[in-house]
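Reader: I'm new to this one, could you walk me through it?
Author: Gladly, and here it is to look at while we talk.

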Amino acid sequence: MRFVLLLLPLIHALDNGVGLTPAMGYNTWDDFRCGGINASNLYKVADAMVKNDLPSYGYKYLSLDDCWAKSRDPKTGVIQPDPKAFPDGMKKVVDYVHSKGLLFGIYTDRGQQTCVGRPGSAGHETLDAQTYAAWGVDCT
């Protein structure tokens, strides 16, 4: 205990409000697992979050879990969403979520594949970060 008290003056933190509460929101895995992951259902979730006033209670994230990615572009290596589930691409989905005043999170995996065998980020970390940023993703 005495050691902790000696370190206390060395602790430095920004007074910017970050980390005062956990990032709260909705995660698609809770309802869909790998069934029903598509743009239409994400729009419905975003609408329901706003309709039920969840952001005012701190629930600001709509987080897309596994099962959204289908492949990587063979020439560029860019991760590709499932074209049947997201025919207009991920940017349109992210923009819709943002238009509702929500933040958007997306799942990736540090391995070659996700838990269900979709493309992971191993070897593509920088490219994936750039892709998610271009889509407007707020959290991975």
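What follows is a short talk about the strands, the helices and the chain as a whole.

Reader: Before we start, what kind of model is this?
Author: This is a predicted model, in which local features need pLDDT of at least 70 and side-chain atom pairs count only at pLDDT 80 or more, while totals for chains, interfaces and linings use all residues. Residues are numbered from 1 along each chain as its sequence is written, and side-chain values use heavy atoms, with hydrogens and water left out.

Reader: How many helices and strands are there?
Author: The protein chain has four helices and five strands, where helices (H or I, at least four residues) and strands (E, at least two) are DSSP runs numbered from the N terminus.

Reader: Which strands form the open sheet?
Author: Three strands do, in the order β1-β2-β5 with parallel pairing, and two strands pair if DSSP finds at least two bridges between them. Because β1 (24–27) and β5 (103–106) each have a single partner strand, one side of each is left without a neighbour in the sheet.

Reader: And how do β2 and β5 pair?
Author: Strand β2, residues 59–64, is joined to β5 by four bridges in the parallel sense, and Y61 has L103 in β5 as its bridge partner.

Reader: What about β3 and β4, parallel or antiparallel?
Author: Strands β3 (residues 69–72) and β4 (residues 79–81) run antiparallel and are joined by three bridges, with R72 opposite I79 in β4. They form a hairpin with six residues between them, and G77 in the turn has a positive phi of about 80°.

Reader: Changing topic, what does the C-alpha trace span?
Author: Along its principal axes, the trace of the protein chain spans about 60 × 40 × 25 Å.
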